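This report looks at selected helices, a surface patch and the charged side-chain pairs of one model. Please read it alongside the sequence and the coordinates.

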Amino acid sequence: MSAAILFGSMAVMIGFGIPIAIVLGVSSALTLIFSGAPLGVIPSMMQATVQKFSLLTIPLFVLAGAIMDKGGISKRLINLADSIIGPVLGGLGYVAVVAALFFAAISGSGTATVAAMGSILIPAMVAQGYDAGFSSALSAISGSLGTVIPPSITFIIYGMITGESIGDLFLSGIVPGLIFGFMLCIMVFIKSKKNGWKGDTQRASLKEIGRLFLDTI
């Protein structure tokens, strides 16, 4: 009966377009009321939840990713990477991986990384002759670096549940994340060599790279 009230009330409220955060709270409260549980547990549970300050990093990381996307910082990262490795064989593929590494190290979210990088890189790769399916898949899998490269939202949640040190988890993700990125670059090289995907941008001068570096910072 409790499960029916919980999921039934959630379905009804979601159907009316009520925000998910409110739906979760109200449906849980309704379930407690109808099950006869003391309502005094609700304030204590709310207090215990908001005291987990580590969870505050999750919306802040997502906010950082949104600011980077809307403010043009992600495009500056892509321009910097493109000026350095864009002209080589499979250049934009490498740019997708390297830019995802940088963005993941700030946002901590794979979803935010894909949204910010993919919206810019996928059309650019298709315009240069890359296969649309390959471009989309590369952006998606590069975004998953956000779950490994610190700071990672996944590591934060895992550390809170298991009691492991979040700092140690962050340190443990650096080398695997770089290895993962390196393997993706190898895959980009093989596919690009097979299909003849070459960068068509002019090689930037050291002065131009320096200007883009300062602009990115």
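Helix α9 is followed by Gly163, whose phi is positive, near 85°, in what is a predicted model throughout. Within α9 itself, which spans residues 153-162, the buried residues include Ile153, Phe155, Ile156 and Gly159. These residues lie on the same side of α9, because the arc that they cover around the axis is only 160°.

Buried positions in α8 are Phe134, Ser135, Leu138, Ser139, Ser142 and Gly143, and they share the same side of the helix because their arc around the axis is only 160°. An α-helix has 3.6 residues a turn, so residues that are three or four places apart point the same way. At the N-terminal end, α8 is capped by Asp131, which places a side-chain oxygen 3.1 Å from the backbone nitrogen of Gly133.

The surface also carries a nonpolar patch, formed by Leu171, Ile174, Val175, Leu178, Ile179, Phe182, Met183, Ile186, Phe189 and Ile190, whose accessible area together is about 980 Å². One of these residues, Leu178, lies in helix α10, which runs over residues 166-195.

Turning to charged pairs, how many salt bridges does the structure hold? There are 2 salt bridges, and they are set out below.

| Salt bridge | N to O distance |
|---|---|
| Asp215 and Arg76 | 3.5 Å |
| Glu208 and Arg211 | 2.7 Å |

In the pair of Asp215 and Arg76, Asp215 belongs to helix α11 (residues 206-216) and Arg76 to helix α5 (residues 73-85), so this contact ties together parts that are 139 residues apart in sequence. Asp215 counts as partly exposed, at 36% relative accessibility, and Arg76 is likewise partly exposed, with a relative accessible area of 32%.

The pair of Glu208 and Arg211 lies within helix α11, where the two residues are 3 residues apart and therefore separated by about one helical turn. Glu208 is partly exposed at a relative accessible area of 31%, while Arg211 is also partly exposed, with a relative accessible area of 45%.

Key. Residues numbered from 1 in each chain as written. Predicted model: local features only at pLDDT ≥ 70, side-chain atom pairs only at ≥ 80, totals over all residues. Heavy atoms only, no water. Buried < 20%, exposed > 50% of the residue type's maximum accessible area, 1.4 Å probe, protein only. Helix = DSSP H or I, 4+ residues; strand = E, 2+ residues; numbered from the N terminus. Arc of directions from axis to C-beta. Polar contact = N/O pair within 3.5 Å; in protein donor to acceptor, adjacent residues only side chain to side chain. Patch = residues over 30% accessible without salt bridge, like charges linked within 9 Å, V, L, I, M, F, W, Y side chains within 5 Å. Areas by Shrake-Rupley, 256 points an atom, 1.4 Å probe, with all protein chains shown as cover. Salt bridge = Lys/Arg side-chain N within 4 Å of Asp/Glu carboxyl O.
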